[in-house]
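Subject: Structure handover

Hello,

Here is the structure I promised to pass on. Please open it alongside this email; my notes follow below.

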Amino acid sequence: RVAEWLAHLRVLGVGHVLITDNSDGVFAKALSGQSARETSPLKVAYDGFSSITVVPWPSLEDDRDQCDPGRVEASIIKESNATCTTQSLFGRPAQYAAQNTCHRRLVAAGAQWVTHNDVDEFLVPPPSLNAEQYLMELLTPFGERRLPPRALALPCVFFAPCRMDNHGMPVGQSDKMLLSEGTCAGKAQLHRQKLIAHASVTHLWVHYAFAAKQGVGDVVYLLPEKQLMLAHLRLGYSFDSALASRAVDNFGEITQTEEKRFVELYDERLSAGGETCVAAKKKTEEFWKALTPAQRKARAAESILERTKRNRRETGLGISDCDLLGEDMFGWCWCVDDAPARLALRTRAELVARWDVSSLRREVDAAW
């Protein structure tokens, strides 16, 4: 999986990758002077990317003798009468530290832009554009502005296999590449933007560029359908419930009404015998072509957040549902979207060309 992730970054033109590796034993061995890259269980995945820095990072096991996380968590829950947890009090300090360490190191090495992603998060350009070295094409105009943006933000969109033609198992349970499983888009985390941060940024906090040097502008929000999106292929994610298939998190529990709507509106469409991916896309294209120029202009001017609010307001539900509106919009509701799967084809070619596939783990090797 890590080799696939690195291969897709190569395709897009990423010049250097810094990984904070908290695999078991890596940090302890680094303290004794051993190379993190050489001792990591991910070494075979790293070997296909020539320009990579591996930073040893402590795991929970490395800290257990100083501070048992389980004991601390139990104490916080007890003292707060179960109203607080370790994360709600402290957030994720190790993650914040790793992110800022990565950013500052790469900026010091000369990087103008740094993208911060987990290894199950993929940068996916629109299929109509050439993915080859795409990031340079995208970022150069922003960097040449008089006031370049402090960061480019893109929403995190959860993907999973469509439940059609006997497919649709949870992400990561097949022998395929993760990208090839990205055929249907689920919920879009509009409040969790992932960042491509400018070198001027001095303080990052996961989804936010809190501080930057003078001479830069505000964050720019990229248009996924025209510029770039982040496809999150989280292990185990699937379209088996309203929680997975809803378009936007509303921080509430799933109600019986929402589950009923899911069964009525999504289940048949997602299952064998329902609307196929090709038919759904064709239907969307026909709908778009039927709009007048004025209607198209109005929709293009509407932001993702505005569209989501309108959908939620007009449906009266806690989910954004294009089907209820009679608008099979190919975009920011539940939709058939195979952009990640298309990128998988070029990524696979890069992987085979530059990695020793026969040396990769057996379950990854089976995909080729």
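**Salt bridges**

Start at glutamate 121, which counts as buried at 1% relative accessibility. Bear in mind throughout that this is a predicted model.

Which partner does glutamate 121 have in a salt bridge? Lysine 194 is the partner, and the closest N and O atoms are 2.8 Å apart. The pair links distant parts of the chain. Glutamate 121 sits in strand β4 (residues 121-124) and lysine 194 in strand β6 (residues 184-198), 73 residues apart. Is lysine 194 buried or exposed? Lysine 194 has 6% relative accessibility, so this residue counts as buried. The cut-off for buried is under 20% relative accessible area.

Salt bridges with shared partners also join Arg10, Glu132, Arg346, Glu350 and Arg354 into one network. The structure holds nine salt bridges.

Lysine 43 takes part in two of the bridges I looked at. With glutamate 38, the closest N and O atoms are 3.8 Å apart. With aspartate 47, the closest N and O atoms are 3.0 Å apart. Here the residues are partly exposed: glutamate 38 has a relative accessible area of 49%, lysine 43 has 26% and aspartate 47 has 41%.

Arginine 10 lies over the face of phenylalanine 49, at 5.7 Å from the ring centre.

**Aromatic pairs**

How many aromatic pairs does the structure hold? There are four. Take tyrosine 96 and tryptophan 205 to begin with. Their ring centres are 5.5 Å apart and their planes stand at 45°, so the pair is tilted. This pair, too, links distant parts of the chain. Tyrosine 96 is in helix α8 and tryptophan 205 is in strand β7 (residues 201-205), 109 residues apart. Tyrosine 96 counts as buried, at 16% relative accessibility. Tryptophan 205 counts as partly exposed, at 33%.

Tryptophan 205 also pairs with phenylalanine 210. Those ring centres are 6.0 Å apart, with the planes at 20°, so this pair is stacked. The cut-off for stacked is planes under 30 degrees apart. Phenylalanine 210 is partly exposed, with a relative accessible area of 47%. Ring pairs link Tyr96, Trp205, Tyr208 and Phe210 into a cluster.

**Helix α8**

Helix α8 covers residues 93-108, which is 16 residues.

The buried residues of α8 are Tyr96, Ala98, Gln99, Asn100, Cys102, His103 and Leu106. Just after α8 comes glycine 110, with a positive phi of about 110°.

**Nonpolar core**

The largest nonpolar core has 54 residues. Which of them touch the most other members? They are Leu6, Val17, Leu123, Leu135 and Leu228. Helix α1 (residues 2-12) gives the most to this core, with eight residues.

Leaving out residues up to four places away in sequence, leucine 228 touches Leu123, Val124, Pro125, Pro126, Tyr134, Leu135, Leu138, Leu154, Ile196, Leu222 and Leu223. Two of these, Leu123 and Leu135, are also on the list of core residues that touch the most other members.

**A loop glycine**

Glycine 25 lies in the loop between β1 (17-21) and α2 (26-31). At 28% relative accessibility, glycine 25 counts as partly exposed. How far apart are the C-alpha atoms of glycine 25 and tryptophan 57? They are separated by 9.8 Å, while the two residues are 32 residues apart along the chain.

**Overall**

The protein has 16 helices and eleven strands. Buried residues make up 45% of its 368 residues. Among contacts with a separation of 6 or more, residues 24 or more positions apart account for 73%.

Best wishes

Note on methods:
Residues are numbered from 1 along each chain as its sequence is written. This is a predicted model: local features need pLDDT of at least 70, side-chain atom pairs count only at pLDDT 80 or more; totals for chains, interfaces and linings use all residues. Side-chain values use heavy atoms; hydrogens and water are left out. A nonpolar core is a set of buried Ala, Val, Leu, Ile, Met, Phe, Trp, Tyr and Cys residues joined through side-chain atoms within 4.5 Å. Buried means under 20% relative accessible area, exposed over 50%, partly exposed in between (1.4 Å probe, protein chains only). Helices (H or I, at least four residues) and strands (E, at least two) are DSSP runs, numbered from the N terminus. Contact means heavy atoms within 4.5 Å. A salt bridge is a side-chain nitrogen of Lys or Arg within 4 Å of a carboxyl oxygen of Asp or Glu. The expected span of a helix is 1.5 Å times one less than its number of residues. Rings of Phe, Tyr and Trp (its six-membered ring) pair if their centres lie within 6.5 Å; planes under 30 degrees apart count as stacked, over 60 as edge-to-face and the rest as tilted. A charge sits over a ring if NZ of Lys or CZ of Arg is within 6 Å of the ring centre and within 35 degrees of the ring normal.
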